[in-house]
Amino acid sequence: MRAVEFQEYGGPEVLEVVDRDVPEPGRGQVSIDVAYAGVNFADLKARAEGYRVDTLPFRPGLEVSGRIRAVGADVEGLRPGQKVAALTDGGAYAEAVVTAAATVFPLPQGVSLRTGATLPTVLPTAHALVHEVGRLRADETVLVQGAAGGIGTVAGQLARAAGAGAVYGVVSDAAKARHALKYGYDEVFVGPDFAADVRRATGGRGVDLALDPVGGETFRRSMDALAVFGRLVSFGNASSAEPWQVGQPELYPSGRTVAGFSILSLAQTAPEALRALAGRAFRTVSEGSVELPVTAEFPLTEAGEAHRLLGSRKSTGKLLLRVG
């Protein structure tokens with residue numbers, strides 16, 4: 001089978017197409033004939049920085065859609081030929097992948113394989129940020145960093161559907177702002193000085209919930225944008241800054257709360273909680289309350305071009321690799 005791997009860290013040019021044996025599932029695993037693979041920022045950090053890479057060569061990719069090829073021992077509720085989406089622990093840039101059965105999800109009726117590839121990381125993450133971790137209540141205000149990206153696009157829609165009083169986004173340029181405004185946002189701010197924009201838009205109050213995948217200075221400015229009793233959820237460190245730290249001086253004066261979420265960590269520590277979360281999140285698509293636009297699609301052999309586009313910070317929505 002064809003797969004995409006890298007043998008050294010670097011830019012998109014280190015990704016190369018290789019020929020590998022088709023993997024066989026072990027106990028508690030399934031193998032999937034991949035139709036589409038999602039492209040995520042974590043893939044770029046793996047290639048450039050070794051994020052979550054144990055050894056080289058390494059095959060990136062965290063999510064796929066396709067049909068089950070084979071099931072291993074002790075797997076229940078899944079069968080060969082079934083249309084599924086799956087969260088993987090790497091290796092999704094390939095014509096076939098093996099992953100734990102606990103993170104393989106049958107696609108809801110009417111959801112295509114193309115749409116299915118957008119679901120495993122984005123939908124559960126956005127749902128958790130808004131509901132399970134962010135605990136958004138009706139009429140509260142929300143601020144989302146990266147509002148035009150995959151998670152930002154869904155988070156805006158989920159917040160709107162949950163009855164948010166106002167949904168604000170932050171993006172890096174005007175084109176992204178126009179894109180985000182189609183997906184639940186009342187106002188989208190451009191550039192790093194968003195805290196002042198938030199204060200203006202909220203009459204000086206700040207927002208009740210802020211969602212931050214960037215870290216570093218953006219994390220600190222998101223803290224500054226919180227209202228009294230506001231909550232900030234960190235779900236990434238795209239800036240590659242030093243890990244954030246908060247304590248009594250930042251939290252006590254206004255009763256603020258900081259929480260964190262990682263779908264990859266949840267998959268390892270609480271797979272049953274992930275399955276329940278994914279079920280709730282996937283229903284928002286099958287019910288039509290959320291859509292996640294695929295804005296660019298590349299063949300597997302052009303994975304490097306997909307990385308270049310995502311790394312340029314000019315992309316919106318979701319990027320896919322077309323495999324099967």
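Which residue just after H1 takes a positive phi? The residue is Gly50, and the phi is about 80°. The legends below describe a predicted model, in which local features need pLDDT of at least 70, side-chain atom pairs count only at pLDDT 80 or more, and totals for chains, interfaces and linings use all residues. Residues are numbered from 1 along each chain as its sequence is written, and side-chain values use heavy atoms, with hydrogens and water left out.

Figure 1. Helices (H or I, at least four residues) and strands (E, at least two) are DSSP runs, numbered from the N terminus. Helix H1 spans residues 41–49, and its buried residues are Ala42, Asp43, Leu44, Lys45, Ala46 and Arg47. Buried means under 20% relative accessible area, exposed means over 50%, and partly exposed lies in between (1.4 Å probe, protein chains only). The buried residues of H1 pack against strand S3 (29–39) and helix H11 (303–311), where contact means heavy atoms within 4.5 Å.

**Figure 2. Strand S15 between its partners.** Four of the five residues of strand S15 (residues 318–322) are buried, so that the strand is mostly covered in the sense of under 20% relative accessible area. Two strands pair if DSSP finds at least two bridges between them. S15 pairs with S3 in the antiparallel sense over four bridges, and Leu319 of S15 is the bridge partner of Val39. S15 also runs parallel to strand S14 (residues 294–299), to which five bridges join it; here Leu320 of S15 is the bridge partner of Glu297. S14, H11 and S15 together make a right-handed β-α-β unit. A crossover is right-handed if, with the strands pointing away from the viewer, the path from the first strand over the helix to the second runs clockwise.

**Figure 3. Strand S5 and the strands that pair with it.** Strand S5 (residues 83–87) is mostly covered, with four of its five residues buried. S4 and S5 pair in the antiparallel sense over five bridges, and Lys83 in S5 is the bridge partner of Arg67. Three bridges join S5 to strand S7 (residues 104–106), and these two strands run antiparallel. Phe105 in S7 is the bridge partner of Ala85.

**Figure 4. The nonpolar cores.** A nonpolar core is a set of buried Ala, Val, Leu, Ile, Met, Phe, Trp, Tyr and Cys residues joined through side-chain atoms within 4.5 Å. The largest has 52 residues, and those with the most contacts inside it are Leu123, Val154, Leu211 and Leu274. Helix H3 (residues 119–132) gives the most to this core, with seven residues. Another core lies apart from it and has 33 residues, among them Val14, Val39, Val104 and Ala303. When neighbours within four places in sequence are left aside, Val154 is in contact with Val122, Leu123, Ala126, Val290 and Leu292.

**Figure 5. The largest pocket.** On a 1 Å grid over the protein atoms alone, a pocket is an open set of points where a 1.4 Å probe fits, with protein on both sides within 12 Å along at least five of seven lines; lining residues have an atom within 4 Å of a point. Grid points are joined across faces, edges and corners, and a volume is the space filled by probe spheres set on the points. The largest pocket holds about 1300 Å³ of space. Of the 44 residues that line the largest pocket, Phe41, Ile151, Pro213, Phe235 and Ala238 are the closest to its centre. The elements that give two or more residues to this lining are H1, H3, helix H4 (150–161), strand S9 (166–171), helix H9 (263–269) and S15.

Figure 6. Most residues other than glycine have a negative phi, and most peptide bonds are trans. The peptide bond from Leu56 to Pro57 is cis, with omega near 0°, and Pro57 is found in the loop between H1 and strand S4 (63–71). Asp139, which is not a glycine, has a positive phi of about 75°. Asp139 is placed in the loop between H3 and strand S8 (141–145) and is exposed, with a relative accessible area of 63%. Ser240 is likewise not a glycine and has a positive phi of about 60°. Ser240 belongs to the loop between strand S12 (226–234) and helix H8 (248–251), and Ser240 is partly exposed, at a relative accessible area of 39%.
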